[in-house]
Amino acid sequence: MPPSDLTSDRHSAAERMRIDKWLWAARFFKTRSLANQAIEGGHVKLNGQTVKPARELRIGDSLDIVAGGAQWTVIVRGLNEQRRPAVEAQQLYEETPESSTRRAAEKEERRLAPVPGSDLHGRPTKKARRQMRGFNEGF
């Protein structure tokens with residue numbers, strides 16, 4: 001291969017990246033295997049289509065991501081082979097305005113109407129256990 005082909009191949013490789021690796025580097029998922037599972041489960045769509053984990057991502061692509069109960073719609077603005085701090089990872093994408101308003105509305109809903117039992121922590125006390133036993137024995 002002539003040297004000019006080598007540099008163009010390296011340059012084009014810098015413009016694309018595996019989608020699972022990008023999701024890990026952008027900190028949407030804690031590990032690449034979790035990113036793989038999400039992609040295979042259909043929780044990640046590239047330009048509106050389901051993809052495989054090895055699919056290559058380019059700058060300007062649109063991603064729909066469902067992670068941790070939140071739904072994100074982002075546009076890829078940068079690629080990075082390494083996982084960097086959260087501040088740097090946020091520079092790899094731009095969230096659409098519709099996505100940020102939807103996530104804010106969902107957050108407000110969770111704040112106003114929490115999941116029943118979310119305020120309970122740890123084991124029940126002895127008094128609470130006796131109340132539960134009395135309730136269950138009443139039937």
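**Burial, salt bridges and surface charge in a predicted model**

Leu 92 is buried, with a relative accessible area of 9%. In this predicted model, Leu 92 occupies the loop that runs between helix 4 (86-89) and strand 7 (93-95). Because burial is assigned under 20% relative accessible area, the value of 9% places Leu 92 in the buried class.

The secondary structure of the protein chain amounts to six helices and seven strands. Along the sequence, these elements are arranged in the pattern α-β-α-α-β-β-β-β-β-α-β-α-α. Of the 139 residues in the protein chain, 24% are classed as buried.

Ile 19 is located in helix 2 and, at 0% relative accessibility, is counted as buried. The C-alpha atom of Ile 19 is 6.4 Å from that of Ala 54, a residue 35 positions away along the chain.

Side chains of opposite charge can pair when their charged atoms come close. The structure holds eight salt bridges. In one of them, the side chains of Asp 20 and Arg 32 meet with an N to O distance of 3.4 Å. This pair links distant parts of the chain, with Asp 20 in helix 2 (residues 19-25) and Arg 32 in helix 3 (residues 32-40), twelve residues apart. The two partners fall into separate accessibility classes: Asp 20 is buried, at a relative accessible area of 0%, whereas Arg 32 is partly exposed, at 32%.

A salt bridge is also formed by Glu 108 and Arg 111, whose closest N and O atoms are 2.7 Å apart. Both residues belong to helix 5 (residues 97-112), and their spacing of three residues corresponds to about one turn of the helix. An α-helix has 3.6 residues a turn, so residues three or four places apart point the same way. Glu 108 is partly exposed, with a relative accessible area of 35%, while Arg 111 is exposed, with a value of 55%. Elsewhere, salt bridges that share partners join Arg 18, Asp 20 and Arg 32 into one network. Another salt bridge connects Arg 103 with Glu 95, the closest N and O atoms being 2.8 Å apart; Arg 103 is partly exposed, with a relative accessible area of 26%.

The geometry and cover of helix 5 were considered together. Helix 5 comprises 16 residues and reaches 23 Å from its first C-alpha to its last, close to the 22 Å expected at 1.5 Å a residue. The number of buried residues among these 16 is one, so helix 5 lies largely in the open.

Helix 6 is hardly covered, the count of buried residues among its twelve residues being zero. Lys 126 is placed in helix 6 (residues 126-137) and is exposed, with a relative accessible area of 51%. Together with Arg 123, Arg 129, Arg 130 and Arg 133, Lys 126 gathers in a patch of positive charge on the surface.

Backbone torsions were examined last. Most residues other than glycine have a negative phi, and most peptide bonds are trans. Arg 27 has a positive phi of about 65° although it is not a glycine. Arg 27 is situated in the loop between helix 2 and helix 3 and is partly exposed, with a relative accessible area of 39%. Asn 47 likewise has a positive phi, near 50°, in a residue other than glycine. The position of Asn 47 is in the loop between strand 2 (44-46) and strand 3 (49-50), and at 47% relative accessibility Asn 47 counts as partly exposed.

How values were computed:
Residues are numbered from 1 along each chain as its sequence is written. This is a predicted model: local features need pLDDT of at least 70, side-chain atom pairs count only at pLDDT 80 or more; totals for chains, interfaces and linings use all residues. Side-chain values use heavy atoms; hydrogens and water are left out. Patches are made of residues with over 30% relative accessible area and no salt bridge: like charges are joined within 9 Å, nonpolar side chains (Val, Leu, Ile, Met, Phe, Trp, Tyr) within 5 Å. Accessible areas come from the Shrake-Rupley method with a 1.4 Å probe; for residues, only the protein chains shown count as cover. A salt bridge is a side-chain nitrogen of Lys or Arg within 4 Å of a carboxyl oxygen of Asp or Glu. Lys and Arg count as positive and Asp and Glu as negative; His and the chain ends are not counted. The place of a charge is taken as NZ of Lys, CZ of Arg, CG of Asp or CD of Glu. Helices (H or I, at least four residues) and strands (E, at least two) are DSSP runs, numbered from the N terminus. Buried means under 20% relative accessible area, exposed over 50%, partly exposed in between (1.4 Å probe, protein chains only). The expected span of a helix is 1.5 Å times one less than its number of residues.
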